[in-house]
Amino acid sequence: MTDSRPDPAAPFSDPDSPSDPVSPADPAAAPDEVVRERHDQLATEITEHRHRYYALDAPTISDGEFDALMRELEQIEDRFPELRTPDSPTQQVGAPTGATFSPVTHLQPMTSLDNVFSKEELFAWVDRTVDRLGEHPGAGGFVCELKIDGLAVDLVYEDGALVRAATRGDGRVGEDVTANVRTIQVIPDRLVSHSGQPVPALLEVRGEVYLSLEQFRRINEELVASGKAPFANPRNSAAGSLRQKDPEVTRSRRLGFTAHGWGASSDEPGTRLELARQSHAYEVLADFGLPVSQYSRLVDDSEQVWAFVEEVAQRRHDFVHEIDGAVVKVDDRALQDRLGFTSRAPRWAIAYKYPPEEVTTKLLDIRVGVGRTGRVTPYAVMEPVVVAGSTVAQATLHNATEVVRKGVLIGDTVVLRKAGDVIPEVLGPVVDLRDGTEHPFVMPTHCPECGTELAYEKEGDKDLRCPNQRSCPAQLRERLFHLGSRAALDIEMLGEKGADAILAAHLITDEGDLFDLTAEDLLRTDFYTRNANAREKKAGTTGRVLSANGTKLLENLEAARTRPWAKFLVALSIRHIGKGNAPDVAAAFPSVEALRDASEEELAGAEGIGPVTAAAIREWFATDWRAEIVRKWQAAGCVLGTYAAAEARAAEQPQTLAGLTIVVTGTVPGYSRDEAQEAVVARGAKAAGSVSKRTDYVVVGEGAGSKADKARDLGRPIIAAEHFQRLLDEGPEGLPLVED
Ligand SMILES: NC(=O)c1ccc[n+]([C@@H]2O[C@H](COP(=O)([O-])OP(=O)(O)OC[C@H]3O[C@@H](n4cnc5c(N)ncnc54)[C@H](O)[C@@H]3O)[C@@H](O)[C@H]2O)c1
Ligand SMILES: [Zn+2]
């Protein structure tokens, strides 16, 4: 590899494009020594990578990096055409075959495809094609297809029978893989026309052998289970699976196949394949029993080609196999013939390549992080690389077993994958690039943050944990950060930096002390302070004073004391309780005391709580220091209960419902269940859980069940949930009642 590679995102040279950043060929300019050397070096490197990729199925760089090398070579040759000699990699296809399989000469050469990487280049190709033809191919003149990321094979059928199958090789000579291809179920041994048209005496079919993502996962799981190294990606595993010595291994891989072209075909009268249009030929191939793509589309012009490209990009991960781009072909065979071929590709087709989702980078280190629940997670620290539009420098490795499973060593070059918005993943090492200095990761036995010995919580767990839950700085930091989040107490000034500052100054033992923080405490941090200004100094204050952050934190804490009970519930960091089920739990157990005193059976019987959550709640309250958090918070003025919180806020609300008993059932738009209850209590009403003769009003929303029926039976007045806000604001006077 070299360090002077061009930016892979940069447009490559196109001599026909006026906006080309590289100067077009200048006949007077001769390449100097430096250019010649670079050209030589690139050609050598590319040839070697091709050999590794095609013959050994063991590439050492990613496709994106390979494509960048190719583009640089093409750019040089665009400027200095004399360097574009027939032996240049830009003029060749694939790589010569190895010794494992016998060589086969294709009846007609198999070509590759030229690539474009941007909309501009794609449109320029369409314009160039129209120019070359001297006419537009017309409505439905282009056929757009998926570019399947597999490997090309050539199938020769004689009198309808499959007689030979070969890989592409260098385009002229490929490898004989007939025995293996015969094990691929979707490739017919015999072509039979379903419509009754004659099958040609000779037909050379081309298409892509691929491995579906489903099979790829299955095979890798099996390889790992039997102690073997998994494949880096479906393309390499498809190539590896096809090029097996034992056809039974190929059979077990369940390869797929899609036909996307043809070579030689017999021209005898009555047996002639209808080849007037590419798209028609697909129909004929399908009629013969060959799998063709169901995603091909005929389009009229550049804009429609682009729409296809974008649509497919959106769905890039929804297909059964991987794709690395879209292919556009001139549909009319006569026009194709007029356009012809370059030495390595048809002029009538182009591949639009999507941005690479796989890159290689150096694994600098494997470190471990400690999470909110004490889980210890190894993660990869890598040389930063750009992949799928963002810079990645770290990726989780989940647990020690996973590190072993991936087989990565510290110092390895690794394959990193980031697909769209998906979390980046280290796929595995490039074993062939090892130089012996790599070393295995050793899972630490003690917490990197507090030194406590790590342990599994229970037998069979995958994750090691730091048992020092109360004051392990890592766990406490994560809990503080979590309780400050919007889903919990919404303490804006308690972000990651704030939590770090509080811990660094040793202001608290655990989160129980949080609401006791004073301005004086905060003065011991950097984050919540600033230097006194001149005016303050004049007035006698020297050194550090509370910053806007510090003042804001104290205000935040004050306001947080009366947050809804459901929010406090999230803030407690009880396992399995989060913003999703907290409102249900809070509605079923309307105060911290009710939750604490409930038995495990009572808990497990409530909505939003299963046996696992019930056990977690019991366990939480049974831990002394945690029970103490509740006590300390209450002592500091926090209100952990729906009614209590509502009563505490009643002073701020008009008492529109004073003295009434109200039942809320079903969904009230804009309110969770506990919020609706709280809202009526804050207006002076009693929120009852069940309907009785003493109920004054029943608010019924969507999904209300037996309570609404009971209200009708008892003749209690019913108010529709849509009037809930009016009920709160104005009281029940004059509100329409639900009649039945
Ligand atoms: N990482 C490496 O070291 C390394 C080395 C060599 C090549 N490569 C990669 O291999 C690829 C280059 O290979 P290439 O020469 O096969 O060219 P290509 O992948 O750019 O395009 C040509 C191939 O596309 C395939 N194809 C898929 N769908 C098709 C469709 N609908 N119609 C027609 N053809 C279709 C055909 O097999 C055809 O041979 C690039 O992605 C390159 O990055 C990587
Ligand atoms: Zn710890």
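This is a predicted model: local features need pLDDT of at least 70, side-chain atom pairs count only at pLDDT 80 or more; totals for chains, interfaces and linings use all residues.

Student: OK, which residues come nearest to ligand 1?
Tutor: Tyr53, Pro59, Asp63, Ser112 and Ala152 come nearest, out of 26 residues around ligand 1.

Student: And where does the largest share of that shell come from?
Tutor: From α1, which gives 4 residues. Helix α1 (33-55) is one of the elements that each supply at least two; the others are α2 (63-79), β3 (142-148), β8 (256-265) and β10 (323-330).

Student: How do the shell residues divide into nonpolar, polar and charged?
Tutor: There are 10 nonpolar, 7 polar and 9 charged residues around ligand 1.

Student: Why does ligand 1 lie between domain 1 and domain 2?
Tutor: Because domain 1 (1-91) and domain 2 (115-353) both give residues to the shell around ligand 1.

Student: Switching topic: what about strand β23, are its faces covered or open?
Tutor: Both are covered. In β23 (residues 697-700), Tyr697 and Val699 are buried on one side, and so are Val698 and Val700 on the other.

Student: Which strands does β23 pair with?
Tutor: One is β21 (residues 661-665), parallel to β23 over 4 bridges; there, Val663 has Val698 as its bridge partner. Another is β24 (residues 718-720), also parallel, over 3 bridges, and Val700 has Ala720 as its bridge partner.

Student: How does the chain cross from β23 to β24?
Tutor: Through helix α25 (residues 706-713), in a right-handed β-α-β crossover.

Technical notes. Residues are numbered from 1 along each chain as its sequence is written. Chains are lettered from A and ligands numbered from 1 in the order in which they are written. A residue is near a molecule or strand if its C-beta atom, placed from the backbone, lies within 6 Å of it. Ala, Val, Leu, Ile, Met, Phe, Trp, Tyr, Cys and Pro count as nonpolar, Asp, Glu, Lys and Arg as charged, and the others, Gly among them, as polar. Domain bounds come from an automatic or database domain assignment. A residue is buried if 20 or more other C-beta atoms lie within 10 Å of its own, exposed if 12 or fewer, and partly exposed in between; C-beta atoms are placed from the backbone. Two strands pair if DSSP finds at least two bridges between them. A crossover is right-handed if, with the strands pointing away from the viewer, the path from the first strand over the helix to the second runs clockwise.
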